[in-house]
Amino acid sequence: MNPDRSADSADVVVVGAGIVGLGAAYAAVRRGLRVIVVDRTDAPVGATIRNFGHLCIGAQGGEARRYADASRELWLRLSQDAGFWLRESGTLVAARHDDEIAVLEAAAHDGGIRMLEADELLQLAPLRAHGLVGGAHIESDLQTDPRTAASAIVRHLAALGVDFRFRTGVTGVGRGRVDTTRGPLTCGSVVVAVNHDIDQLLPEVAERHGIVRCALDMMRAAVSFRYPLAAPLLTGWSLVRYGRFSDGPEAAVLRERLHAERPDLAALDLNQMYTQVPDGTLIIGDSHATAAAPSPFQPEAAFTAFLTEAEALFDAPAPRVIERWQGVYAKGRQEFLIDRGDDGVLVLAATTGIGMTTGLGLAEHNLTAAFGWAAAREGTT
C-alpha cells in the first residue's frame, strides 16, 4: 500500500456490507491491501442478519459445497479473531416418514452424515416421540448468531484497517472508480456485493442473470424445552430444498408425498427448520415468495402454520412469539451470480438463500481468481 494515497483511494472498493461484501473485504485486507467498504445503511441490516444463523455446509452439493467448505474455515477463524459466538454443532434432521429416511441414507453414502435411530435423536432434540422414525446428524455444519456475528466482523475488519463508509449510497461504478453520494472513490478493483439490489445499481447485470427477490417470513419465540436443541434442526421439507438431498430420485418421491399431503404448506414453499440461539429463544421458519418486488405484507397464515407445525414436532408447550420479520434475498437461475464485465467490475451474490453458508468462500475464491491474487498472508490477523 502507498501511505501517501488519498483517503478516497484504495486498492479495492467493496460495495455492500453484507456477508459477501465482508468476505471480499476480508480476502483483500488479509493480502495487505487498502480496502474501502461502502454501504447505504449504518450497519449490516439485510439478509446477513435476518436468517437462522445456520451454516448448512454438509447439505450443499457441487459449486455450493466448494464455497461452503471454504467458508467453514473462514467462519471458524473469524469467530476466534473477531470474538463472536459460533459452535461446531452439526445439524440434526428429524425424519417422520420412511421416504425421508431414504433421502438421508442416499446422501449418507458420500460421508459426513451419521444416521440416527429415533431414541438417539430424542436425546439431542426435545421432539415428540410419536411419529418419529429416525434422523441424521450432518457433521460439518456450524451455527452462529447472525445479529451479533455481522457487527463483530465489521469491528474486526475495521481494526485490521478496512475503511467503512456507512450511510453512503453508490450511484455508479466503473473501471477504477466508484461514484458515491459523498463523492467519488478511485481504486484498483471494484467488487459489487449488494445482493438483490443489483437491479438498482446494475440493472443490465440483474437482467442478464434473471435476478428477482425472494421474500421469506420468519419468527422468534420463547420456548420451554426440557433440554435445549443440540444443533439446528431440519425436517423433510428441508430435504427437498438443499442440493445434496434434493436432486435424487428419493427426493422426488418425498416431494410428491409432501405436496400431496400438505398443499397448504407447499403453497408457502415451506422450509420447516429451527435454530435455538444462545438466549434460549427459538428461530422458526420459513416461507418463500418470489417476485421482482415482493409484497411487504406478511400473511398470518404463514405464521399460523409455523406455530402449528412447531407444536406438532416438539414435546413442549406452545411457543410464545416474540418477533416476526421479513427477510429478502436475491434469487436467480443459478445458485450464484458471478459477473465480471469489460470494465473489470466483479459482481458477486449468492442467489438461492445460502449466502451465510457460502458467502465468505464465494468472495475468497472469486476475488483470488479475478484479480490473480496469491494466497492470503494468514499471519495478518
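Analyst: Welcome! This is a predicted model, where local features need pLDDT of at least 70, side-chain atom pairs count only at pLDDT 80 or more, and totals for chains, interfaces and linings use all residues. Residues are numbered from 1 along each chain as its sequence is written, and side-chain values use heavy atoms, with hydrogens and water left out.

User: Which residue does a cis peptide bond join to glycine 285?

Analyst: Most peptide bonds are trans. Here omega is about -15 degrees, and the bond is cis. The partner of glycine 285 in this bond is aspartate 286.

User: Is aspartate 286 buried or exposed, and how far away is the nearest side chain of opposite charge?

Analyst: Aspartate 286 is buried (under 20% relative accessible area, with a 1.4 Å probe and protein chains only). It has no salt bridge, meaning a side-chain nitrogen of Lys or Arg within 4 Å of a carboxyl oxygen of Asp or Glu. Lys and Arg count as positive and Asp and Glu as negative, while His and the chain ends are not counted. The nearest side chain of opposite charge, arginine 241, is at 5.7 Å.

User: What is the phi of asparagine 195?

Analyst: Most residues other than glycine have a negative phi. Although not a glycine, asparagine 195 has a positive phi of about 55 degrees.

User: What is the relative accessibility of aspartate 269?

Analyst: Aspartate 269 also has a positive phi, near 50 degrees. This residue counts as partly exposed, and its relative accessibility is 31%.

Definitions and conventions. Buried < 20%, exposed > 50% of the residue type's maximum accessible area, 1.4 Å probe, protein only.
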